[in-house]
Amino acid sequence: MTQPALTVEGLVFGRGQPLFSPLSFCCKPGEIWAVLGANGLGKSTLLDTLTGVLPALAGHFTVQGGVSIVPQSFRPAFDWSVHDVVLMGRARHVGLLSMPSKQDNRHVDNALRRLNLHTLARSTFLTLSGGQQQLVMIARALVSGNRTLLLDEPCSALDLANQQIVLQLIATLAHREARSVVFTTHDPTHAWQVADNTLLLLPDQQWLAGKTHTLLSEENLQRAYGIPVRRIQLDDAHGAALVPLFDLRRQEPGGL
Ligand SMILES: Nc1ncnc2c1ncn2[C@@H]1O[C@H](COP(=O)(O)OP(=O)(O)OP(=O)(O)O)[C@@H](O)[C@H]1O
């Protein structure tokens, strides 16, 4: 049997106050989990707990083979080049007071190429757009070599073509490289298209976890977001889209 890369058992997490009833799930090598739930429910707090930034309030978790996180945003202390920000992901491979090796630089070049960022390698990080910065942070996690990757809304600032690049990358990392990937998203279609399993955070400290295609029913999504969501079946290659039915009223000019 494959040993899970990430095992969460009875985990209670939050910044002082528990956000959910005890949480349990496990992510095997080669598996993708999506985490969905309304704003402010605790998705980022969960990822910060799994990387050890925040202490668990109860229960426990184990991570085999190292873990990297791609945060929602990153503000470097100094305006380093894109190449150097990605190189930081190699920190545990570069000895203290040593220079990065040719191999470290090769990892950086490969990661930048995978994300179509190679032409920006010499640009400074702070001159990039929000979406470009998000891609650089993903490259930084890639070069770490860690077996588990946690991505906090990795597509939130990306255009459609770059969303496809990142979703494809998530699938490749899991299916070809047997890495375990957990990503948070506000787009249930992204979860539907690439995640084997989903953790759906609900109001009142409840949660559901299971196979994405079973769990992301119209009923469960309405429970999570409080608005109706319709599942639209696409062709065989594209699966389904999960589309919110917004109740938008036309505003008359001069009205309040
Ligand atoms: N630095 C902080 N200090 C205190 N409370 C915080 C801090 N960051 C987040 N919180 C609180 O913790 C709770 C969970 O926040 P978290 O950022 O984990 O939610 P989220 O589900 O990731 O939200 P979003 O979808 O908006 O990114 C919220 O009530 C939030 O106000």
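Which residue of E8 does Leu 36 stand opposite? Leu 36 stands opposite Leu 200 in E8. The model shown in these views is predicted, so that local features need pLDDT of at least 70 and side-chain atom pairs count only at pLDDT 80 or more, while totals for chains, interfaces and linings use all residues. Residues are numbered from 1 along each chain as its sequence is written.

**View 1. Strand E3 and its partners, E7 and E8.** Strands (E, DSSP runs of at least two residues) and helices (H or I, at least four) are numbered from the N terminus. E3 (residues 32-36) pairs in the parallel sense with E7 (residues 180-184) over 4 bridges, and likewise with E8 (residues 197-201) over 4 bridges, where pairing requires that DSSP finds at least two bridges. Within E7, Val 181 is the residue opposite Ile 32. Because 5 of the 5 residues of E3 are buried, the strand is largely enclosed by the rest of the structure; a buried residue has 20 or more other C-beta atoms, placed from the backbone, within 10 Å of its own.

**View 2. Ala 191 in helix H6.** Ala 191, in H6 (residues 188-194), counts as buried because it has 27 C-beta neighbours inside 10 Å.

**View 3. The residues around the ligand.**

Definitions and conventions. Buried ≥ 20, exposed ≤ 12 C-beta atoms within 10 Å, placed from the backbone. Near = placed C-beta within 6 Å.
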